[in-house]
Amino acid sequence: MYDLEKTKEGLTPAFLKTIQSTIESVILTKASAYFTPEGTTYTQNNPALKKLEMIVNYYDYQPCGASVLGLLAANGNADALAIVRRLFDNVRYYIGEGREKEGFSNSLRRSQLHLVIAYERLKDVLPESETKEWASLLAQTGEDMLGHFDNLQERVPALDNRGFGTGINHVAIAAEGIYKSGVALNRTDWQDAAAAFNDRLIAYGHPDGYFEEHTNDAREGGPSLVYTPLTAGCAHLIQIWRDQRDRARFEKCGTFFRNFMDAHLHAMPFTDERANPHGLGCYGIAIHALSPEGRGLLRLHLEQVNFENMSLEYLARLHLEIDHMETGEGTVPEPLQDRQYRIKLPLGVVQSHNWTMGLSAMKALNRETSPNSDYALDRQTLLFLSHASAGTLIS
């Protein structure tokens, strides 16, 4: 199924540069088609989406492409610059007139980081009057996000979903954007708030190498294999920027995530609200570059990604993660080895002779902690079984 010899090559600067160049080309094409001058949130999205989902997609998720567009614009691409300017016009509308006219309320938790990176890349290229206005807008959206997340101060001493009344991955993403904004806008108070939150979050993270979403005081909820890479990935980048990364701590996160993948590199759906096998996402994948097994996994994964099918957010985040990847030789990753792996909670994986089996006896706490949530959809997965050739048999 996979060329295991490829894993030995690991990650080289030339390989990663090729991937980033592909991403840059695809982002420019996709952003040009999505952010047209006459387009709106209601014309550019699937009409089956809820209004809020359309708004979040148009003003927050897809604008993450700004960071890569800013790089292209700084290198002289006029089309990329036109789109970046359109994105900042959208921010102006979203934070001002849009709130009064259409009732917008969500903070720009994902695009803040990428807009700030675009600002950093262009502030010495464009007229000062223009970038000064961008800085003012980013200050408004940053304050708005801090207000939305209680200045990154949890209400109870538990850094899971109970601390903020929403997914802790959202708060980790917000903290990442706030920290980077603090650096770019010379707001040391923002840097301090985000850094302090990040330190508490990492200290709260489970010793087995994961972060929790739905859990209780006994910490019986276990890991979300979909959402905890977002939390770990954002915490990882903040610590790199602060030059305070505990390498072993994040390498353990990577080992954990890889061990809950099958031979198709799909994450097993234990303790997730949507019980489907998921591929490797874009958040947190720089963590895998910390080990030979992780670099081997990334070599295989990045060679098979269909970039044309990915969202602007996915592409921009992947580009950013590559900026923070270590290079070096790799080896066969854990999902392609015969192995046994388990955590302290009753959840473990066995792989042998091309079979992967995961077995769990954990609670489905999302039903208990958020019984009225739209996302409390599924009971706990108890058994997962897949084969390297046949695919998933039991989920």
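In which helix is the place of Thr 231? Thr 231 lies in helix H11, a helix here being a DSSP run of H or I of at least four residues, numbered from the N terminus. Before I go on, this is a predicted model, in which local features need pLDDT of at least 70 and side-chain atom pairs count only at pLDDT 80 or more, while totals for chains, interfaces and linings use all residues. Residues are numbered from 1 along each chain as its sequence is written, and side-chain values use heavy atoms, with hydrogens and water left out.

At 0% relative accessibility, Thr 231 counts as buried, since that word means under 20% relative accessible area with a 1.4 Å probe, protein chains only. Leaving aside residues up to four places away in sequence, Thr 231 touches Ile 168, Asn 169, Ala 172, Leu 201, Phe 211 and Glu 213, where contact means heavy atoms within 4.5 Å.

Now to the helix pair. H10 (residues 188–204) and H11 (residues 228–241) pack at an angle of about 130 degrees, with axes 10 Å apart; axes are lines fitted to C-alpha atoms over the stretch in contact, and angles run from 0 to 180 degrees between N-to-C directions. On the H10 side the contact is made by Asn 198, Asp 199, Leu 201 and Ile 202, and on the H11 side by Thr 231, Ala 235, Ile 238 and Gln 239.

Finally, helix H14 (residues 312–323) is mostly covered, with 11 of its 12 residues buried, among them Tyr 314, Arg 317 and His 319.

Note on methods: Helix = DSSP H or I, 4+ residues; strand = E, 2+ residues; numbered from the N terminus. Buried < 20%, exposed > 50% of the residue type's maximum accessible area, 1.4 Å probe, protein only.
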